[in-house]
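Visitor: I am new to this structure. Could you show it to me and take a few questions?

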Amino acid sequence: GKKFEQLLIKLKLARDQMFVTNLIKCFPRKEKVTSKEIKTCGDKWLSNQIKLIKPELIILAGEIVFKNIIGNGNFKKNIGKELIEKKQRYLIVEDF
């Protein structure tokens, strides 16, 4: 969307320089995804993608993604900041 495009301009990135994916890799038949479903379905697939792609920077968009990837910490205080966890760089942004 528009916010995502603005972020790319700010970071001086082109779409062909990135791989965009979702935290959730399989979708339950209901509207709302639970934390347990994120853990059991998302963790395995997403961590494998990260290992294969070896990104320089991962942009975490939104509090749900932040909490599932980083775990602890204050999402709102980290918006706009770059964090390094387990030798991986993360940029924390608001949800698009």
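Guide: First, a term: a pocket is an open set of grid points with protein on both sides within 12 Å along at least five of seven lines, and its lining residues have an atom within 4 Å of a point. Keep in mind that this is a predicted model.

Visitor: Which residues lie nearest the centre of the second largest pocket?
Guide: This pocket holds about 380 Å³ of space. Its lining counts 13 residues. Nearest the centre lie Ser47, Ile50, Ile69, Lys86 and Tyr90.

Visitor: Which element gives the most to the lining of the second largest pocket?
Guide: Elements that give two or more residues there are α2, α3 and β3. With six residues, the top contributor is α2.

Visitor: How many residues in the lining of the largest pocket are nonpolar?
Guide: About 1,100 Å³ of space lies in the largest pocket. Its lining has 36 residues, with Phe19, Val20, Thr21, Ile58 and Ile59 nearest the centre. By class, eight are polar, four are charged, and the nonpolar ones number 24.

Visitor: Which strands stand at the edges of the sheet?
Guide: The sheet is open, with three strands in the order β1-β3-β2 and mixed pairing. Each edge strand has a single partner, so one side of it is left without a neighbour in the sheet. The edge strands are β1 (57-61) and β2 (82-85).

Visitor: Which residue in β3 does Ile84 stand opposite?
Guide: Strands β2 and β3 (residues 88-93) run antiparallel, joined by four bridges. In β3, the residue opposite Ile84 is Arg89.

Methods. Residues are numbered from 1 along each chain as its sequence is written. This is a predicted model: local features need pLDDT of at least 70, side-chain atom pairs count only at pLDDT 80 or more; totals for chains, interfaces and linings use all residues. Side-chain values use heavy atoms; hydrogens and water are left out. Two strands pair if DSSP finds at least two bridges between them. On a 1 Å grid over the protein atoms alone, a cavity is a set of points where a 1.4 Å probe fits but cannot get out, and a pocket is an open set with protein on both sides within 12 Å along at least five of seven lines; lining residues have an atom within 4 Å of a point. Grid points are joined across faces, edges and corners, and a volume is the space filled by probe spheres set on the points. Ala, Val, Leu, Ile, Met, Phe, Trp, Tyr, Cys and Pro count as nonpolar, Asp, Glu, Lys and Arg as charged, and the others, Gly among them, as polar.
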